[in-house]
Amino acid sequence: MPRPGDKRTYMSLWREFLVFNSTARRFGLNRHLGKPGMNVSTVFPEGYTENDRIQRHTLSMPKEDEKGFNHERYQRMKEFVGLEEVTKLDFLVMLFAEILGTFLLVLIGCASCITWATSPNVLHIAFTFGLAVASLAQALGPISGCHVNPAVSFGLLISGNCSFLKTVSYVICQCCGAIAGSAVLKLLIPKTQAVHGLGATMLGAGVTPAQGVAMEAIVTFLLVLVVHAVTDPKRTDVKGWAPLAIGLTIAVAHMAAVPVTGSSMNPARTLGPAVVIEEYQNIWVYWVGPLIGACLAGGIYRMGLRAHREDDEGSYDF
């Protein structure tokens, strides 16, 4: 029993009710309680009026502590921006890994698209890109996450798994790596073969830009969805299989989309050859489509498909 003169708050009474009420605790209603010591009015404050009583009665819960709320929002904003992360020396190593990974992906992948004695078939191109990404993910995944794709970085930003500044830095490095990979590929092959476009992506015969955007959005949606699933830290059934799963996803998407759009799924992969051969026709299709697909995949996975545990919280670092 409280001693005479003790001031009891609405919050303290409500907290005691939830603590001793098993039904409320079972339904998890006590999760949303504020911290002890909140600055709220007492049950019978001095000088209260009837209007005050009515107004208090209409409120279901007391207001949150403004200082605590602002502090939490500030911390979340810091995590979203990621300034502390990008100012660390190790971040330079991560940026180099993204440049190197995209460089090798474009160089090796686009080399499989070059026409020599016969034109490369879809299966050849699909498995070259798929296995290249799987190999790179195995080597560079522990260093930078091996995004090597602006759409993947953007999708992870939407789902809250990559900070804003990290995403911007990654995209710039990926584009630079892709351009460098295409430039080196141009130097490695005879000039007679370079006229075939260095593996540049282009719309198939009769395919409209709108159809191209839709196809790129669909295959990128699949890729980014799989990336989220196999890198979810709350899942234990996919440990060690992430590189292979991502590589096979890319291979499957190529088998479906190469005849339609060339199956980019990667704005940087399209940008590299386009800059080197100076051919920018419909290049916007390969930015708009993948970014739309990545946005949808990141949002949907975040809202309803991610693995859940009791301590489920968003992370900014896979």
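Analyst: Let's start with a rule: a salt bridge is a side-chain nitrogen of Lys or Arg within 4 Å of a carboxyl oxygen of Asp or Glu. Keep in mind that this is a predicted model. By that rule, the count comes to one salt bridge.

User: What makes Lys166 and Glu85 a salt bridge?

Analyst: Their N to O distance is 3.4 Å. The cut-off is 4 Å, so the pair qualifies. Lys166 belongs to helix H9 (residues 164-188) and Glu85 to helix H5 (residues 83-86), so the pair links distant parts of the chain, 81 residues apart. As for the general idea, side chains of opposite charge can pair when their charged atoms come close.

User: How do you know whether Lys166 is buried or exposed?

Analyst: Check its relative accessible area, which is 5%. Buried means under 20%, so Lys166 is buried.

User: And what is Glu85 called on that scale?

Analyst: Glu85 has a relative accessible area of 21%.

User: What do the areas say about Cys175 and Cys295?

Analyst: Cys175 has 12%, which is under 20%, so this residue is buried. Cys295, with 32%, falls between the 20% and 50% limits and is therefore partly exposed.

User: Why is Tyr170 called buried?

Analyst: Because its relative accessible area is 0%, and anything under 20% counts as buried. Tyr170 sits in helix H9. If you skip residues up to four places away in sequence, Tyr170 touches Phe91, Met94, Leu95, Glu98, Ser144, His147 and Ser153. Those are contacts because heavy atoms come within 4.5 Å.

User: How far apart are the C-alpha atoms of Tyr170 and Phe96?

Analyst: They are separated by 9.5 Å, while the two residues are 74 apart along the chain.

User: Where does helix H12 bend?

Analyst: H12 (residues 242-261) bends by about 45° at Met255, and Pro259 follows within four residues. Among the buried residues of H12 are Ile246, Ile250, His254 and Val258. Residues three or four places apart in an α-helix point the same way, because there are 3.6 residues a turn. Helices H7 (122-144), H11 (209-230) and H14 (285-305) are included in what covers the buried residues of H12. Just after H12, Gly262 has a positive phi of about 90°.

User: What does the model show over residues 209-230, one of the places where UniProt has "transmembrane region"?

Analyst: That label comes from an unreviewed UniProt entry. Over residues 209-230 the chain is 100% helix and 0% strand, with end C-alpha atoms 32 Å apart. Residues 167-189 are also on the UniProt list, and there the chain is 96% helix and 0% strand, with ends 33 Å apart.

User: How many helices and strands does the protein have?

Analyst: There are 14 helices and zero strands. Of the 318 residues, 42% count as buried.

Note on methods. Residues are numbered from 1 along each chain as its sequence is written. This is a predicted model: local features need pLDDT of at least 70, side-chain atom pairs count only at pLDDT 80 or more; totals for chains, interfaces and linings use all residues. Side-chain values use heavy atoms; hydrogens and water are left out. The bend at a residue is the angle between axes fitted to the seven residues ending there and the seven starting there. Helices (H or I, at least four residues) and strands (E, at least two) are DSSP runs, numbered from the N terminus. Buried means under 20% relative accessible area, exposed over 50%, partly exposed in between (1.4 Å probe, protein chains only). UniProt positions are given in the numbering used here, feature names are shortened, and annotations may be inferred rather than shown by experiment.
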